[in-house]
Amino acid sequence: MGILIKNGTVVSATESRKLDVLVSGEMIARVGVGINESGHDVVDATGLLVMPGGIDAHTHLDMPFGGTTSADDYTTGTQAAAVGGTTMLIDFALQSQGHTMREAFDVWRAKSRGKACVDYSLHMAVTDLGPGDGAHGLREMEEMVAEGISSFKLFMAYPGVLMIDDGLMFKVMQKAAALNALCCVHAENGSAIDVVVAQMIAEGKTEPHYHALSRSPKAEAEATHRAIALADMAGASVYIVHLSNEDSLAALKFMQGRGAKALAETCIQYLVLSIEDQMPGESWEEAKYVFTPPLREKWNQEPLWEALADGSLAVVSTDHCPFRFADQKELGRGDFRKIPNGGPGVENRLQILWHFGVNAGKISPERFVALMATNPAKIFGMERHKGRIAEGLDADILLWDPTAEYTISAETQCMATDYSMFEGWRVKGNAAKVWSRGELVVDNVAQPGKFLGATGRGRFVKREANGGGMG
Ligand code: URP
Ligand code: ZN
Ligand code: ZN
């Protein structure tokens, strides 16, 4: 007895076809035309699209940051993801300076154990290779790859907390190249930004708006070029996270054109929010949109959409790093340096990408699938298990209703914040049903906005080191 999804249109990264999908246990058993119904529970998907469950490659759950901890833990964060159609997250384990990667790995595994509700993995953020020549840290990178952590995060921003210097970054990149692991980089020139920040504060420019103005697109573009150039020198594959503006896109495309093994993601907020609309410098409410890199001038959005369509940008994720407005963002009232950086989005990624991307004719349904699931699965070393509707893969399946209208609101969301970045927005296109490894975990038609599975059912996914799929 399996689950047979009939009469739907299966959308892959390359084509859309009327096909039936048979799920047996946790796996997709068959994909084909006219699969016999007998003995199966039949789900009628007439008018619906059958897609791989979303993969959000950039989230920060239960993360200590900015003097507080991100508001979603592994339970609320993964449930919110599932309700929005996302069945797999890659979160970040942060190594603290003076501590080992093993400690960070253990801490983050403990945070998720018994709490995660869909499958998840971790990137390891490297901040310290240990004393001397760093041999211990470099050996730990081998251990992490053996644990299934095939991507390392490097911060060029947040001096004194997470930022590393170019020498350390280059050493990690050389080791990553040897391991065929992927380097994920937060590319912003943290040192230059800190000078501007100090000058602004000295001039009394303390409001949230100045957070955005203090972090120039040029500081991001410079770091984007430097990160890719160093990775290229080291022979490593590199993935620029949360690329936010056209200058940085130009740096990425330049290095891609020179043959660098460079990929990048953007996030939903940079595609639809802007300084003009959300951060005009009028109120404290703008603290809701303080994240890093900041929102950019609106004209940057179109080039980002074009890059998603033409393939220069490979992934759309969220950088979901939620803080409540009432008591957490409040920590920075009167000093934007103290506003916890981050925003909530994991629940809304697919709605925003579909409504403003597919409905607006900027990307096709197939490109939507590539950007939200198939590419992240491939780039992050899990394409044998996730990211496609194909026989033998995990039955992480999203039934997408392109006609469903939905109003985004903090009142009804599962994310643990007291606000939404998209409050009141009416979108068309939403998850109807979601299966995670063959289990129906969301039915937004019968029980909207509710996670139906058991808490803690999510599994840690070991990922292969595959050079980001670029060899
Ligand atoms: O503001 C952000 N993005 N917070 C999370 C940490 C990061 O830089 O990704
Ligand atoms: Zn970042
Ligand atoms: Zn992030």
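In this predicted model, a polar backbone atom of T292 lies 2.8 Å from a nitrogen atom of ligand 1. Y158 contributes through its side chain instead, with a polar atom placed 2.6 Å from an oxygen atom of ligand 1. Considered by itself, ligand 1 exposes 260 Å², and the protein buries 100% of that area.

The surroundings of the ligand can be read residue by residue. Besides T292, N341 and Y158, the residues around ligand 1 include the histidines H58, H60, H186 and H242, the phenylalanines F65 and F291, and also D319, C321 and G342. Sorted by class, this shell holds four nonpolar residues, seven polar residues and one charged residue. The space that ligand 1 takes up is the largest cavity.

The cysteines form a separate topic. How many disulfides does the model contain? The count comes to zero, since a disulfide is taken here as a pair of cysteine sulfur atoms within 2.5 Å. For C117, which is in no disulfide, the nearest cysteine sulfur belongs to C414 and is 11 Å away. C117 counts as buried because its relative accessibility is 0%, which falls under the 20% limit used for that term. C184 is likewise in no disulfide, and the nearest cysteine sulfur, that of C183, is 7.7 Å away. C184 also counts as buried, because its relative accessibility is 0%.

Note on methods:
Residues are numbered from 1 along each chain as its sequence is written. Chains are lettered from A and ligands numbered from 1 in the order in which they are written. This is a predicted model: local features need pLDDT of at least 70, side-chain atom pairs count only at pLDDT 80 or more; totals for chains, interfaces and linings use all residues. Side-chain values use heavy atoms; hydrogens and water are left out. A residue is near a molecule or strand if one of its heavy atoms lies within 4 Å of it. A polar contact is a pair of N or O atoms within 3.5 Å; within protein, one must be able to donate a hydrogen and the other to accept it, and residues adjacent in sequence count only if both atoms are side-chain atoms. Accessible areas come from the Shrake-Rupley method with a 1.4 Å probe; for residues, only the protein chains shown count as cover. On a 1 Å grid over the protein atoms alone, a cavity is a set of points where a 1.4 Å probe fits but cannot get out, and a pocket is an open set with protein on both sides within 12 Å along at least five of seven lines; lining residues have an atom within 4 Å of a point. A molecule sits in a cavity or pocket if more than half of its atoms lie within 2 Å of its grid points. Ala, Val, Leu, Ile, Met, Phe, Trp, Tyr, Cys and Pro count as nonpolar, Asp, Glu, Lys and Arg as charged, and the others, Gly among them, as polar. Buried means under 20% relative accessible area, exposed over 50%, partly exposed in between (1.4 Å probe, protein chains only).
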